[in-house]
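Please find below some notes for a colleague who is opening this entry for the first time.

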Amino acid sequence: MPLAGIEPNSYTFPFLLKSCTQFPGTQEGKQIHTNVLKKGLEPDPFVHTSLINMYARNGALAVARGCLDDARHLFDEIPMIDVVSWNAIIAAYIQSGRFKEALITMRRMVRKRVNF
């Protein structure tokens, strides 16, 4: 993309990171993570959740669990949380083996009457 004069953004990175979960792509995922950091996009909830997902699916659960706590903090700061954000954080908890937090978050979503 950069060679074509197109810079990846917060919409591009989640798709790139997801592609790293379809095959053993930890090394490529780390390179993408570096670019995310350089562009200052790690605080974006979709990018951050995609990073967690990529590390969790590639067996780097220790990294995913450390990032998940940061993602939850960012999630809690979103003023209007939509169903996509709720699903992303719940999926991240499940993929990281934090089932209790996933259930608590799902119950919170139901209490807030989020439309599916």
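1. In this predicted model, the protein chain has 6 helices and 0 strands, and reading along the sequence gives the pattern α-α-α-α-α-α. The radius of gyration is 14 Å, close to the 13 Å that the globule rule gives for 116 residues, so the chain is as compact as a globular protein of that length.

2. Along its principal axes the C-alpha trace spans about 45 × 30 × 20 Å, and buried residues make up 40% of the 116 residues. Of the contacts between residues at least 6 apart in sequence, 53% join residues at least 24 apart.

3. The chain carries 14 positive and 10 negative side chains, with the centres of the two sets 8 Å apart, and a search of the whole structure finds 5 salt bridges.

4. One of these joins E7 and K39, whose closest N and O atoms are 2.7 Å apart. Because E7 lies in the segment before α1 (12–19) and K39 in the loop between α2 (26–38) and α3 (45–57), the pair ties together parts that are 32 residues apart in sequence. E7 is partly exposed at 47% relative accessibility, and K39 is partly exposed at 36%.

5. D76 deserves a separate look. Its side chain meets that of R72 in a salt bridge (3.1 Å, N to O); the two residues are 4 apart in helix α4 (residues 61–77), and so are separated by about one helical turn. D76 also forms a salt bridge with R108, the closest N and O atoms being 3.2 Å apart, and this pair links distant parts of the chain, since R108 is in helix α6 (residues 99–111) and D76 in helix α4, 32 residues apart. R72 is buried, with a relative accessible area of 16%, whereas D76 is partly exposed at 41%.

6. Finally, D69, R98 and E101 are linked in a network of salt bridges.

Note on methods. Residues numbered from 1 in each chain as written. Predicted model: local features only at pLDDT ≥ 70, side-chain atom pairs only at ≥ 80, totals over all residues. Heavy atoms only, no water. Rg over C-alpha atoms; globule rule 2.2 N^0.38 Å. Buried < 20%, exposed > 50% of the residue type's maximum accessible area, 1.4 Å probe, protein only. Contact = heavy atoms within 4.5 Å. Lys, Arg positive; Asp, Glu negative; His and termini not counted. Charge placed at Lys NZ, Arg CZ, Asp CG, Glu CD.
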